[in-house]
Every structure is written in C-alpha cells, then in structure tokens.
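Biologist: I am new to this structure. Please show me how to read a few of its features.

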Amino acid sequence: MATAHGGTSAGTPKTKRPRRAHGPTTPSRTPAATHDLDLLRRMLLIRRFEERCVELYSAAAIRGFVHLYIGEEAVAVGVHQALDERDAVVSTYREHGHALARGIPPEAVMAEMYGKTTGCSHGRGGSMHLFDAGRRFYGGNAIVGGGLPLAAGLALADRLRGEPRVTCCFFGDGAFAEGEFHETANLAALWGLPVLFVCENNLYAMGTALAREHAQTDLAMRAASYGMAAWAVDGMDVHAVEKAARGAVESMRAGSGPHFLEMRTYRFRAHSMYDPDRYRPKDEVEEWKRHDPVTGLADGMRTAGVLDAAALDDLEHQVTAEIDHAVRAAEQAPEEPAEDLLLHVTGRPEEAEA
C-alpha cells in the first residue's frame, strides 16, 4: 500500500555540544557526522557544478539544451547511498546530478558539456546523453520515459544471469503519464524484476503543472495499483531519501520485486536554459527555496554542533577547486577530428561510403 511520510531525518539523533568557555567549538567527527559531511559535500558539488554550467552557458562556452538539477540534489545523493557499483542506473535528460552522484568525475561530465573527446560520451552526447558503461550508468535519455524500458531490460538480464543486482531508474512526473511507465511497471511487477522506480515529482512536466496533467496526483498510490511497494518521500530531505532508498533496495535484494519511490521535490530553475519560466508563481518558487536541501542539511549540522563556518568554507573551497579543474581540463581537451566522425556508429566506414 502506498503511504506518505514527511522529512524526518534517519540515523542516530544528534545533540548540540556545549560551547567551551574560550575558543571556537570543534565540530564532532562521529560516524554520523562524517556521513553527513559527505552528503553535504556531494550535494554541494552538484549545486556548484550546475551554477557553473549557468555561467558557461550564458558565456556561450557550452551550447545545446541544458536542464539543471538545482533544488533536487537530495534525491540523487540520497538514492545513491543505497546503491553500489554492481547496480545499474538509468537517468533522464536532467541527469548531471545523477551522473556526479554515481561517481562520474566532474571533468568527464564537464568535457561532455563542452563536446570534447575526453567527455564521458566522447563529446557526442552533450548535456542530455551522459553515459558510462564502466560505472553502469546507462544514460541520459532525451526521450521522456525512454529510460524505463531499458531499466526493465537491464533488470531482466541480471535476473537471467543470477546476478543480485538492482536497476535504479530515475524519471519525472511527466514520464509517469507516458505509456512506457505503465508498460514497464506492469512487466516489472509481473516478473518480479529488481527495478527501483524513482519518480522525481517536481510538480511540472516542462511547463505543465501536475494537477493539469493528472486527475489523481498521488503518484505513489497509483503505482501501488501494479502490486508493487510504493510510497512518497520528502525529496528535499536527504536523510529521508536515503532511508527510503535503503529500505527499498534491501527489500529488493531479498527478492521482493520492484519498488516505487515518489520523491516530492522541486526544481529551482526553469525547465531548461531556453525556458522563460512564466508558468510558475514567483511566491511558489520562493516558498520551495525555503526547503533548500543543501542549506537544510548544513543548518541541521550547525544546530547539532557538527559543522562550523570554517568547515563549511573548507568544503566550498574543495568543491570550487574541483570544478575549476574540470573547466580547465574541458577547455584544454581536444575537439574530435572530422575524420573520426564515423567511429562509434553501427555500420563500418567502408559500408557508409559505398
């Protein structure tokens, strides 16, 4: 049965440490605090990477369609805490955050944004087609809902090989309305495939509000009708996301079949860099920004006494240096020569010339 819950953080409760009479408070480095610091760094990397993409796009350094993940970082980071390297990930065209959370190096993602040969897709995919077979990251799919059947195929292949793997498929609320979702959900439930359906419900399918597209807006309840475990999660709370994902993945590894997580989240930027974003009330955007997953985690850590200004500043410097390096590497990387344009295609060059 589909159930909804709010953003209660998972993990060991934290208490605020008393301040010393003299000198700054030294942040605790308990396992829970260390884990939170890692979560914060991962979300900061995605946030700052995306913000740099805005600057580079505005300067015409990168081109094409760019769909930003700003505001949804808790979903990618939280879900990936439950996955390991043997699992597969299928993504959407808003996949920069998923790729970085999966462990694809920022320089490989940035080079792909620049269309350079050192990109993870050799410069041929760009923003919407990030791919890394070695890390079992199977796109980056520009077609809405296009990754869903691929996820079922990957999960079926693992099942036939006897591999105890999970396939995680990210998609948006717009894809929920596509036939691919319903066909894939039905087959996954029918065959008991280990597919983790992660619906990033940011309330808008491009410029169409959820209530204008779906007669029933409780997507988790509708997914449960296929006979799979399904529930809604506060997608702005990385702890809630991680807890839900871990529970789902553990259950799936035990053979329970597919699970569906409706991540209730929000994108702070427009659908794409081309979008004037005139369909959302400004006060709605500002209200959601008050639930920013990055600042929310940082504020909670400060309240718990496990993060101070110096530690946060150090994190920011580390992330900035990593992104600066990625940009420099992308700018210096070679363009693909014209004579290589027939590489990595289905037919052989001599057949294409015939």
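Modeller: Start with two strands. β7 (residues 229-234) and β8 (residues 259-264) pair in the parallel sense over six bridges. Strands pair if DSSP finds at least two bridges between them. Helices (H or I, at least four residues) and strands (E, at least two) are DSSP runs, numbered from the N terminus. This is a predicted model: local features need pLDDT of at least 70, side-chain atom pairs count only at pLDDT 80 or more, and totals for chains, interfaces and linings use all residues. Residues are numbered from 1 along each chain as its sequence is written, and side-chain values use heavy atoms, without hydrogens and water.

Biologist: Which residue is the bridge partner of A232 in β8?

Modeller: E262 is that partner.

Biologist: Through which helix does the chain cross from β7 to β8?

Modeller: A crossover is right-handed if, with the strands pointing away from the viewer, the path from the first strand over the helix to the second runs clockwise. Here the chain takes helix α10 (residues 238-253), and the β-α-β crossover is right-handed.

Biologist: What about backbone angles?

Modeller: Most residues other than glycine have a negative phi, and most peptide bonds are trans. A60 has a positive phi, near 65 degrees. A60 sits in the loop between α1 and α2 (73-80).

Biologist: Which peptide bond is cis?

Modeller: The bond from G139 to G140 is cis, with omega near 25 degrees. G140 lies in the loop between α4 (106-114) and α5 (147-161).
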